[in-house]
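Me: I've got a model open and I'd like to learn how to read it feature by feature. Could you walk me through it?

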Amino acid sequence: MSAVCDSLMTAASDPIAARRGVLLVAGAALCWSSGGLIARLVTTSPWTTSLWRSVFAALFLTVVLWTLRRLSIVTQWREGGRPVLAVAVCMAGASTCFIFSLAHTSVADTLILMCTGPYVAGLLGWLLLGERVALRTWLTMGIALAGAVVMVSNSYGRGAIVGDVLAIVMASSFAVATVLVRRHPEIQMAPAAALATTLTALVALPFAEPFTTPPRDLFLLAFFGVGQFGAGFLLFMTGARLIPVAQSSLIGMLEVVLGPLWVWLMLNERPDAASLIGGALILAALFANTLIDLVTPRRAAIAPSATDIV
């Protein structure tokens, strides 16, 4: 809560910091948007892709955290206790589902269905934490649900049902992590992300074939871990502290727009009509809800945030 209020005060009192926050969050979205294209370009299996991405991301985050805090990553995990482990497990599950979803459905489906996560988080917050959900949020939840149904309606016929379901599981895992952070606001997300990538690598290791990875793929996977995940995560966490939550969420939607665009331009992968219609419903609902929060900052200030980097 205090992190959100601080970001609102910073944006209002320091326009230079606010502009820097916008650029940092936009940079994060740009980094994240490369994920689908990298997953398409590499020739490794999903398990091997997940392993190398997680290894590089874990190493990068560990070095950054040690440089900033001068504490070993294990010490930082111990400081967080069980809540950090629970969040890391959710994030690891989401990361694994992300890779396998991309392997079984279009990039557009994966990224757009991922946008249902905030609504799942809102529903869980209402059920488990007793958080109030505004009527307009219930309405946008219904529209997003309808969009998801439209998107998956044709999934079985085109052989993408597994990937679409995994995208929904991924969004739900992130939603559970969000609710845990709301319940335990002392959780620091950077150590949790480092632990999540470590767990993801350990899960993938028995099923992966890391030593068969070509040098070209290894380079792409290094960027997948360091640039797409690690740098994107740190840019977002830093920038989101400088601007309102609704604004960072709105800018973050660039990932959903740019991700399919890169794959379409580079590999000519085009979503089908059901994906376009359902995706338009989900994005319209998310855009409208976020835009209302942006123009009503008092209401946006009660939204949860996990923007403490260290």
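**Reading the model**

Reply: Let's start at a helix end: just after α13, Asn268 takes a positive phi of about 60°. Before we go on, some ground rules: this is a predicted model, in which local features need pLDDT of at least 70, side-chain atom pairs count only at pLDDT 80 or more, and totals for chains, interfaces and linings use all residues. Residues are numbered from 1 along each chain as its sequence is written, and side-chain values use heavy atoms, with hydrogens and water left out.

Me: How are the helices defined, and how many does the protein chain have?

Reply: Helices are DSSP runs of H or I with at least four residues, strands are runs of E with at least two, and both are numbered from the N terminus. The protein chain has 15 helices and zero strands.

Me: Which residues of α4 are buried, and what covers them?

Reply: Start with the cut-offs: buried means under 20% relative accessible area, exposed is over 50%, and partly exposed is in between, using a 1.4 Å probe and protein chains only. Across the protein chain, buried residues make up 50% of the 310 residues. In α4 the buried ones include Trp52, Arg53, Phe56, Leu61 and Leu65. Their cover includes α5 (73-104), α10 (189-204) and α11 (215-239). In α13, Glu255, Val256, Leu258, Gly259, Pro260 and Val263 are buried.

Me: What about salt bridges: how many turn up in the whole structure?

Reply: Side chains of opposite charge can pair when their charged atoms come close. The cut-off here is a side-chain nitrogen of Lys or Arg within 4 Å of a carboxyl oxygen of Asp or Glu. A search of the whole structure finds two. One joins Glu269 and Arg40, at 2.7 Å from N to O. Glu269 sits in the loop between α13 (254-267) and α14 (273-295) and Arg40 in helix α3 (residues 35-41), so this pair ties together parts that are 229 residues apart in sequence. Arg40 is partly exposed, at 25% relative accessible area.

Me: And which residue does Asp217 pair with?

Reply: Asp217 forms a salt bridge with Arg216, their closest N and O atoms being 2.8 Å apart. Asp217 is buried at 1% relative accessibility, whereas Arg216 is partly exposed at 47%.

Me: How do I read contacts, and what is Thr110 in contact with?

Reply: Contact means heavy atoms within 4.5 Å. Of the contacts in the protein chain with a separation of 6 or more, 90% are between residues 24 or more positions apart. Thr110 is in helix α6 (residues 107-114) and is buried, at 0% relative accessibility. Leaving aside neighbours within four places in sequence, Thr110 is in contact with Phe98, Ser101, Leu102, Thr105, Ala167 and Met170.

Me: Last one: what lines the second largest pocket?

Reply: On a 1 Å grid over the protein atoms alone, a pocket is an open set of points with protein on both sides within 12 Å along at least five of seven lines, and lining residues have an atom within 4 Å of a point. The lining of the second largest pocket includes Thr116, Tyr119, Met141, Ile168 and Ser172. α7 (117-129), α8 (135-153) and α9 (161-183) each supply at least two lining residues, with the largest share, five residues, coming from α8.

Conventions: On a 1 Å grid over the protein atoms alone, a cavity is a set of points where a 1.4 Å probe fits but cannot get out, and a pocket is an open set with protein on both sides within 12 Å along at least five of seven lines; lining residues have an atom within 4 Å of a point.
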